[in-house]
Amino acid sequence: MNLLEIKSLKVSLQGFCLKEIDFSLEQGEILGIVGESGSGKTLLSHLILQLIKNYELQSGEILYLGQNLLEWKESQMQALRGKEISYIFQEPLSALNPLQKIKKQLSEAIMIHHPNLQKQTLEEKISNLLTNVNLDKKVLESYPYELSGGQRQRVCIAIALANSPKILIADEPTTALDSTTQSQILALLKNLQKKFNLSILFISHNLAVVAKLCSNLIVLQKGKIIEKGATKEIFNTPKNPYTKMLIQSLGFQYNQEPYTQKTLLEVKSLSVQYPIKKSLFGKTLESFTALSPLSFVLREGESLGIIGESGSGKSSLANALCRLLQPNVTQGEMKFLGKDFFALKSKELRQFRGKIQIIFQDPFSSLNPKMNIFQILQEGIKAHQEELHLEPEMIEDKIIQGLVDVGLDESYLERYPNELSGGQRQRISIARSLILRPKILILDEPTSALDRSTQNQILTLLLNLSRQYHLSYLCISHDLSVIATLCQNVLVLKESKMLEYGATQEVFKSPKHPYVKTLLQASEL
């Protein structure tokens with residue numbers, strides 16, 4: 001029995017067009033939709049629930065139990081959303097209300113469709129939902145920001161299941177999660193599908209994730225279905241060149257680039273402890289250890305990968321290396337270009353800051369939306385103008401060269417971040433950091449929000465830039481294939497402690513610690 005059927009759908013929205021979309025979703029089926037950013041995956045899912053209005057329908061139908069949803073009134077759609085068809089959004093922190101506790105949000109999801117429900121019945125329903133998504137009752141009194149990424153995603157799944165829907169649309173539900181948490185969420189969705197005979201429409205840019213969960217698969221490119229069928233068949237005999245590229249990009253491609261023995265960064269017994277309780281006079285009485293003492297070196301031309309689950313200490317390490325933490329929080333030694341980096345002050349510190357730059361996980365959040373690309377790239381030069389001594393015409397040449405380095409041209413100078421794709425925004429972030437010619441670039445999840453083809457382009461770009469400018473990278477990522485492609489060496493963190501440190505290929509092929517083995521198993525196809 002087909003719950004959902006899309007027939008000859010052709011829709012245009014702001015110059016983009018979905019063309020001749022045909023597929024059906026059976027009861028109890030998990031159907032994967034995979035494609036690069038801008039292929040039309042999210043647009044299609046929003047059309048099903050009529051979450052967008054200003055589109056132009058040229059032909060086709062979206063049938064739910066035989067009824068065309070494109071002809072339904074808004075009041076009918078409101079009754080359907082969350083009750084018959086539920087949606088799990090990509091970023092749970094954005095989807096959850098930051099000002100309300102989890103209990104209030106779960107209650108609202110139920111009460112909106114059952115306003116006369118008795119308090120005791122509501123409590124039982126909430127308890128059952130938490131059991132179904134493997135969450136402790138303690139989370140009910142928490143705010144979203146107090147939970148881990150995996151816990152927040154489980155809460156979103158609980159909200160989506162609150163009214164026993166027939167169809168679950170999951171839009172990139174594992175994108176920002178580490179591989180072990182990702183595996184847990186996929187296993188949870190599989191169990192829920194079996195338990196409630198759910199139909200799931202699973203949208204992702206990650207083919208490896210889709211392969212683990214979905215029996216059938218649709219491949220979208222530029223608004224068109226280029227391949228569809230059983231997942232195993234598509235993997236074994238892909239017909240379209242784009243699908244072949246996606247499949248070939250799976251697995252590990254190890255970086256074998258040589259690097260010099262010249263030490264740029266030497267870290268000894270570095271630790272991070274955040275004070276959580278202070279005396280009346282400001283003395284720290286109690287502290288939380290975010291990073292236990294660890295030591296490593298980074299040489300010229302070397303890329304070091306840092307992997308670990310959420311809360312393992314990866315971001316604390318990056319912030320400590322950039323001196324973005326209070327002095328009393330960080331202990332240990334850090335020698336950068338032979339100097340004690342933690343001892344540098346004022347002018348000398350500012351000079352050294354230009355030599356170690358960071359590229360953040362989400363380029364859209366890190367780029368000023370009110371500045372055009374020229375102003376964004378000029379900002380770093382202005383901050384270090386005292387050391388650079390550049391004339392105005394030289395500044396423009398340097399900015400244009402920065403764009404050329406990342407595969408863009410000067411036509412982008414007048415554009416704003418919202419006018420760029422995810423891959424283009426990440427290229428601008430790289431250009432902004434490179435413009436000061438740093439020795440070390442810290443990459444914080446540089447490709448986590450990008451589809452596989454764009455991810456490959458960014459990784460190739462980073463490898464080329466490393467060769468061209470003798471750059472060294474410190475790459476933080478939960479994607480082990482990214483670490484293998486980019487980094488010759490790797491450091492594994494768990495619960496603030498360093499578990500393994502060595503050549504990436506050696507650590508990945510013969511891991512010594514059980515946790516590292518689990519990470520690798522979770523990343524396998």
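Close-up 1. S86 has L168 of β7 as its bridge partner. The model is predicted, with pLDDT of at least 70 required for local features and 80 or more for side-chain atom pairs, whereas totals for chains, interfaces and linings use all residues. Residues are numbered from 1 along each chain as its sequence is written, and side-chain values use heavy atoms, without hydrogens and water. Strands β6 (residues 85-88) and β7 (residues 167-171) run parallel and are joined by four bridges; pairing requires at least two DSSP bridges. I85 and Y87 point one way from β6, S86 and I88 the other way, and all are buried (under 20% relative accessible area, 1.4 Å probe, protein chains only).

**Close-up 2. Packing of helices α6 and α7.** The axes of α6 (residues 149-161) and α7 (residues 179-196) come within 10 Å and cross at roughly 20°, which makes α6 roughly parallel to α7 (angles under 35 degrees). The crossing is right-handed. Contact (heavy atoms within 4.5 Å) involves G150, Q153, R154, I157 and L161 of α6, and T181, Q184, I185, L188, L189 and L192 of α7. These residues comprise six nonpolar, four polar and one charged.

Close-up 3. Two bridges pair β14 (residues 330-336) with β15, and F336 has K339 as its bridge partner in β15.

How values were computed
Buried < 20%, exposed > 50% of the residue type's maximum accessible area, 1.4 Å probe, protein only. Axes fitted to C-alpha atoms, helices over the stretch in contact; angles between N-to-C directions. Parallel < 35°, antiparallel > 145°, perpendicular 65-115°, else oblique. Left-handed = near helix turned anticlockwise from the far one by under 90°. Nonpolar A, V, L, I, M, F, W, Y, C, P; charged D, E, K, R; others polar.
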